[in-house]
Amino acid sequence: QDRTREIEDSLSDALHEALTARFVDRRTTALLASLKKDDALVTELTPEGDVRVEGHVVGRLKGLTFEPVLDTRTLEGKAVRGAGQAAVRPLILERLSLMMGAPGESFRLNDEGEIEYIGSPVGRLVKGAGWMSPRVEIAGAAEVGPNEREPARLRLEEWMTAEIVRVLPTHARLANEKAGDALEGLARGIAFRVLESGAAVDLRQDDQSLRLTPEQREALKAIGIRAGRVAAHVPDAQKPAAQRMIAILRAVANGQPFPLAPEGAGSFALDGTWPEDGLAANGYLRFGRRAVRADLAERLGWELAKRRKEAGKNAFVIEIDLASVVSCPADDWPAVLKGFGLTPAEKDKETSAVLSWRYASRARSEPRSEDRVQAASSNGRALKSPRGPKPQGGRASSHNGRGGGGAPSRQIDPDNP
């Protein structure tokens, strides 16, 4: 019985191979014969993308790329490829024509930096003059000439430019309309840094003697930039769609994958792989082992300064409830507070738990006004202190620019730890 079963299986396989070869020979013969005809090939494109020539499936059209069903190194594969190329050219030309007149909602940018049309890639982003201005290349359409592809390529590039403006309006104003050029001094420098960073700039290490005036803050706000105690940031660039767009554009510009922050996270744990430019481009700042979104870091900084002011003394209590502002777990909370320049003022003798905090003093030399201006100029931007040189003896002018005659000097500025 086993021997009989083996013989039956062998006969079945041989019959299958013979029938397959007969079918292949018929298809090959039919396709070769059709290529010799002067008449146009009878071509059909199914809704699934299958390309049929003279009733035979020769491949599939994905976007603008034709994929033959067989290996082109075999006789049948060559016949299928030849018939497919002859048949697919008018289909690709038709699709290119449709793309030129398609509305914007017909296109989509995928995570790989490819532009999709009807669910398949038809273009790809390539590095341009800047990270905000990528070029677009057609993906596929090898069966048609460059001049035939160019109008559709321009349509994709036009759509991509409009998409960047839609998703990143503030960046578009800075990059295309040069909105930052109308600003002066420190504000202009911050606008330039924000555009280069992607979404946020960490101001904690900046020279604290160079501070924005209220008028400069309002000018930045008018073009979409918020500048506060610890960061300058673009609110509309911290939305998930904007973060994704920035990550794609940065990946294209850098030629390598770019990190994308967890969607909607007020903060997230750092695993040691995040570079500083990656955090800034996503709109986050580093606070110990956590990345905190710049707008929430500003809000927390304001709350901390408020607690210090209400306490009326250097040491003050910070409730753990404030950790919810930045979605921070209790274990990471002390490191976040230290990122604001805070240090423990008093600890429990038995548990070592921090009972109160204070702002750590910053020991730094005060350069002369002319030295600061010279240093700023050497960095390519003519930055000058909006407040002028700090008076000897210690009192700075008020925020509104008017003299403070009888106002007492302040040794500690809770808004500027």
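**Close-up views of a predicted model**

View 1. Leaving aside residues up to four places away in sequence, Pro134 touches Leu125, Val126, Gly128, Ile164, Leu249 and Val252. Pro134 and Arg124, which are 10 residues apart in sequence, have their C-alpha atoms 9.7 Å apart in space.

**View 2. The packing of helices α3 and α7.** Helix α3 (residues 146–167) packs with helix α7 (residues 240–254) at an angle of about 135 degrees, and the axes of the two helices are 10 Å apart. That angle makes α3 oblique to α7, and the crossing of the pair is left-handed. On the α3 side the contact is made by Met160, Glu163, Ile164 and Val167, while α7 contributes Ala241, Ala242, Met245 and Leu249. Sorted by class, the contact of α3 with α7 holds seven nonpolar residues, no polar residues and one charged residue. Ile164 of α3 and Leu249 of α7 belong to this contact, and both are also among the residues that Pro134 touches.

View 3. Glu137 and Arg124 form a salt bridge in which the closest N and O atoms are 3.8 Å apart. Glu137 lies in strand β8 and Arg124 in strand β7, so the pair ties together parts of the chain that are 13 residues apart in sequence. Glu137 counts as partly exposed at 31% relative accessibility, and Arg124 likewise counts as partly exposed, at 35%.

View 4. The side chains of Arg89 and Glu148 meet in a salt bridge with an N to O distance of 2.8 Å. Arg89 sits in helix α2 (residues 75–101) and Glu148 in helix α3, so that distant parts of the chain, 59 residues apart, are linked by the pair. Arg89 is partly exposed, with a relative accessible area of 32%, and Glu148 also counts as partly exposed, at 30% relative accessibility.

View 5. Glu276 and Arg286 meet through their side chains in a salt bridge of 2.5 Å, N to O. The two residues are 10 residues apart, Glu276 being in helix α8 (residues 276–282) and Arg286 in strand β13 (residues 284–287). Glu276 counts as partly exposed at 47% relative accessibility, and Arg286 is partly exposed with a relative accessible area of 29%.

Definitions and conventions: Residues are numbered from 1 along each chain as its sequence is written. This is a predicted model: local features need pLDDT of at least 70, side-chain atom pairs count only at pLDDT 80 or more; totals for chains, interfaces and linings use all residues. Side-chain values use heavy atoms; hydrogens and water are left out. Axes are lines fitted to C-alpha atoms, for helices over the stretch in contact, and angles run from 0 to 180 degrees between N-to-C directions. Helices (H or I, at least four residues) and strands (E, at least two) are DSSP runs, numbered from the N terminus. Angles under 35 degrees count as roughly parallel, over 145 as roughly antiparallel, 65 to 115 as roughly perpendicular and the rest as oblique. A crossing is left-handed if the near helix is turned anticlockwise from the far one by less than a right angle, and right-handed if clockwise. Contact means heavy atoms within 4.5 Å. Ala, Val, Leu, Ile, Met, Phe, Trp, Tyr, Cys and Pro count as nonpolar, Asp, Glu, Lys and Arg as charged, and the others, Gly among them, as polar. A salt bridge is a side-chain nitrogen of Lys or Arg within 4 Å of a carboxyl oxygen of Asp or Glu. Buried means under 20% relative accessible area, exposed over 50%, partly exposed in between (1.4 Å probe, protein chains only).
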